[in-house]
Structures are given as structure tokens and as C-alpha cells.
Amino acid sequence: MDIFSDLLLGASTAFQPVNLFYGFIGCLLGTAIGVLPGLGPTATIAMLLPITFGLRPESALIMLAGIFYGAQYGGSTTAILINLPGESSSVVTAIDGYQMARNGRAGAALATAALGSFFAGTVATLLLAVAAPPLAAVALKFGPAEYFSLMVLGLVASVALASGSLLKAFAMIVFGLLLGSVGTDVESGMPRYIFGIPELYDGLNFVAVSMGIFGICEILRNLENEHERSVGVKKVAGLMLTRDDFRRIRGPVLRGTALGSLLGVLPGGGAMLSSFAAYALEKRVSPNRAEFGKGAIEAVAAPESANNAGAQTSFIPMLTLGIPGNPVMALMVGAMIIQGITPGPNVISEKPDLFWGMIVSMWSGNLMLVILNLPLIGLWVRMLTIPYHLLFPAIIGFCCVGAYSINNSVFDVFIMAGFSVVGFVLSKLRFEPAPLLLGFILGPMLEENLRRAMLISQGDPTIFVRSPLSLSLLIVAVIVLGLVLSPSISRKRDEAFTE
């Protein structure tokens, strides 16, 4: 089938009333949690994973995807109106977006963010549709050795692109790998690290762990540092951009879209890295760089385009290779496993309606988000007045019910509570939790492919270097590791993250 017939198949799935409904719910929730500082798509998707048990796979994944890229839209609203980014990828948007609002141009800033996001999302969706099938076709030729090498590269890249100390990022990867090894060994049937607890024979519950580390932990952190939010812009007007505005944002939107599309594919990349990189690039190449920090419209257009492009192209390695590049994609892999779907290149051939339906739903979701964000801006402004001391207890109660409902087990609630404390302590010690979750997800897959490869080769470890593709992936992993460990690159990396 050619790409047009594939897209028609996707449209027949995405435009089903039930999938449109769940896509709209995902976009609405994504915008809402993007608007509310302190919540993010990772925490929200982690909390909603139990709900997906009762949904069709297409509806569940379309809704979760909508939450992810919807949060990129919503995060810009608080960044522009109250200088408090609702989502980490909107941090740089606040620098000039808030200054535009103070100068009476809040409407123009919000319109720039929405239109730039829509354009970038559309381009990234087309790129996903074009790039994913040939990449999946190549991945079908992967054996256990190639998959092992690919996962090693993914883990190394996630460490390289993680913010903060490299040593702490390595420690989180190892901690995640250890957590992934808890349970019954598939090959020998022997229990590992269960400490006499029968509930651990099946391993640690992915949903409970992720809800604890990203859901409850995030609430604890925000209760510790609750911000007083005052909305300086009560009414937003002037949503129509002038001809001069369109002229000024054209280049930044194109550059941000291209950069975000590229960085989104990288393990550890995604929306946040894309937005920061686009802002840094624009600050160097823009003819109006002197206005940056004082309300430059280019400084809103570039990062907002980049973060949406990065959010959507981060689906490429997840859908085609089954390799998550960031915590949200790790949760999406978990959602697919919950639905009985094995992530990887076979999804295109075995579940074409799901694969193409998700791609088409991204375009319809971007259209929904433009409609949700601009005409309903007054609603999002009023949402900012919801006090956290009313919002968070309801979220914690929802998490407890969700954790219990997975296996009807109180033990999972205790696991969630325990890992919320672990996550909070790690955050206080400045350990980033994202590598931990990637290690937890990839650990069992890494071990399985390592053991398969060794069985095939009858214990000969040279199988990982005899295959040209496996050898190439390992060489790239070593080069990346060598680069990030070199003092000059490490110093520049720290300076980039500090900036």
C-alpha cells in the first residue's frame, strides 16, 4: 500500500466518533495540565494509565498522545500571562512572552504560540508518516544483537542529554535497570530480589512506580514550593497578527520546526531540549536579537514551534523501534504493553489501523488545540485561580484509586507511595528521574535480547561485533560516551543546561 491509502486507513480510524471524542478529551486535559503549573504530561499520563485498561487500544493511545502534545500548547499560556511556565518546555517562552504581555501584546504572543505550534505539529506529523515506514522496514531486519546494541545506544544517549551531573544520570540508569530485574527470571523461573514478598513474583508494577515517581512526587515538590499566582492580564485581546508580525515569525517558525523535528527523534531529546536549542539558535541568527528579553516575537515563535515538533517526532523511535526516547514515550510503551501490543516495527504490519490512526489523530488533535487555545483563552485564565490546596488532594485520591484498580491490590498503592518518597528524595538530591524510568522500561528488553543473542551464538560474545549494524550502533554509543566524558564537551554541556 502507498502512503495515501495508509493515511486513508488512519483517517477511517482517527475520525471514528469514539476516537475523536477521546482525542478531544486528551487535548483538553493536555491543555489544562499545561496551563496549571506543577502538573505535566508525564505525571498526568502516569495517573491515567489505569483508565486505559477499559479502552480500545486506538482510543487509549490517541488520548494519551493528545495529552502529551496538548500540554505543549497549554504550557505557553501561563508562561506568557503570569511568567510561570506550566510545562518545562515553555520555560524559554516565558522570557519574551511575558514581556510581550506586559507591553499589551498578550494576544499576539498567544496567537504566535498557537499558530507556530500548529504549523510545527502539522510538519512533524507529515515527517512521522513519511519516515516511520522505511525505518520500521529496516528494524524488521534487526536480530537480538542489533536490538541489544540499539538499547545500549539509547541508554547512553539519554545519559548524555540528561540535565545535571553525568554520574547521577548513570546512577539513575543503573537503578532503573536493577528495578527492572525484580521478579521471576523468564529463562530459569527463579525469583530475583523479591525478599520473600509474593506480590513481587511478577515484578514491580510499572504503573504504580511511574505514578509514584512522576505523579505523587511532583505534587510533593509543588506543595513544598507553592507559588502565589496573580494573573496580570485579565482580558486578552488583539489575537490577530499584523503583516509585520507574520514577516518576523516566518523564519523562526521554520527554523524551530526543523530543529525540533531533528532533536525530537534523539533519545533523551524531545520538547524541552528542542525549545531551548531553538531559542539559543534564534538568539544568534535573528536580525532583531537586541530585542530578546524585552518582548521579541521571534523568541516566542521559535521555541513554541520547536517544542511541538520535538514532541511529535519523539513518537518515531517509539512506534517504529519500540525504544522510548523520553519518560512520556516510556509511559506510552507501557500503555501499549498494557493493551497487549508489543512495541516495535511489527506494529505497522500487525496493527496498521492503530499506527496510522495515531498519526492522523495528531493532525486533527493539533487543529482541536488551536480551537481550544485561542477562543477559550478566558477559560484558561480563570483556571489559573484554582488553589493548589484544593486541587492536589483530589489528584492524590485519584492516584490511589488508580493504583489499586490495576490488580485490585493494596500492595500497588504502597508501591506507589514508597516510590513517591523515593522520587522526592532523589529530586532533593538533584537526581533526574527520567533516566531511571528509561532504565526500568528498557532493562528487561535489554536483558532478554542479550540472552537471546548469547543463546544463538552459543555463548560467543563476538556476535555483537560480527554484525555490521550492531557494531555500528556500539561504535556510535562509545563515541557519544567518549564525547560527553571529555572535559571540554562536558563543560559546554553544563553551560548549555545552565543557560
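**Entry 1: a loop residue, and the ground rules**

I began with Phe195, which sits in the loop between β2 and α9 (206-224), where helices (H or I, at least four residues) and strands (E, at least two) are DSSP runs numbered from the N terminus. The model I am reading is predicted, so I note that local features need pLDDT of at least 70, that side-chain atom pairs count only at pLDDT 80 or more, and that totals for chains, interfaces and linings use all residues. Residues are numbered from 1 along each chain as its sequence is written, and side-chain values use heavy atoms, with hydrogens and water left out.

Phe195 has a phi near 50 degrees, which is positive although the residue is not a glycine. At 73% relative accessibility I list Phe195 as exposed, taking buried as under 20% relative accessible area, exposed as over 50% and partly exposed as in between (1.4 Å probe, protein chains only). I then looked up Arg430, in the loop between α19 (410-428) and α20, and found a positive phi of about 65 degrees in this non-glycine residue. Arg430 is exposed as well, with a relative accessible area of 69%.

**Entry 2: the overall picture**

I noted 23 helices and two strands in the protein. Of its 499 residues, 57% count as buried. Taking contact to mean heavy atoms within 4.5 Å, I found that, among contacts between residues at least 6 apart in sequence, 78% join residues at least 24 apart.

**Entry 3: salt bridges**

How many salt bridges does the structure hold? I find eleven, a salt bridge being a side-chain nitrogen of Lys or Arg within 4 Å of a carboxyl oxygen of Asp or Glu.

One of them joins the side chains of Arg105 and Asp245, at 2.5 Å from N to O. This pair links distant parts of the chain, since Arg105 is in the loop between α5 (91-102) and α6 (106-139) while Asp245 is in helix α10 (residues 243-265), 140 residues apart. Arg105 is partly exposed at 32% relative accessibility, whereas Asp245 is buried at 3%.

Another is formed by Arg451 and Asp185, whose closest N and O atoms are 2.8 Å apart. Arg451 belongs to helix α20 (residues 434-456) and Asp185 to the loop between β1 (183-184) and β2 (191-192), so the bridge ties together parts 266 residues apart in sequence. I also recorded that Asp185, Arg192, Glu447 and Arg451 are linked in a network of salt bridges.

In a further bridge, Arg248 meets Glu291, with the closest N and O atoms 3.0 Å apart. Arg248 lies in helix α10 and Glu291 in the loop between α11 (271-285) and α12 (298-313), so parts 43 residues apart in sequence are tied together. Here Arg248 counts as buried at 17% relative accessibility, and Glu291 as partly exposed at 32%.

**Entry 4: the interior**

Next I looked up the nonpolar cores, each a set of buried Ala, Val, Leu, Ile, Met, Phe, Trp, Tyr and Cys residues joined through side-chain atoms within 4.5 Å. The largest has 88 residues, and those with the most contacts inside it are Leu204, Phe315, Met332 and Met358. Apart from it lies another core of 27 residues, among them Ala145, Ala160, Met445 and Leu473. Leaving aside its neighbours within four places in sequence, Phe315 is in contact with residues including Ala65, Phe68, Leu128 and Met362.

Beyond four places in sequence, the contacts of Gln312 include Tyr69, Gly121 and Thr125.

Helix α3 (residues 41-48) has eight of its eight residues buried, so it is largely enclosed by the rest of the structure.

**Entry 5: cysteines**

Cys27 is buried, with a relative accessible area of 0%, and Cys217 is buried at 3%.
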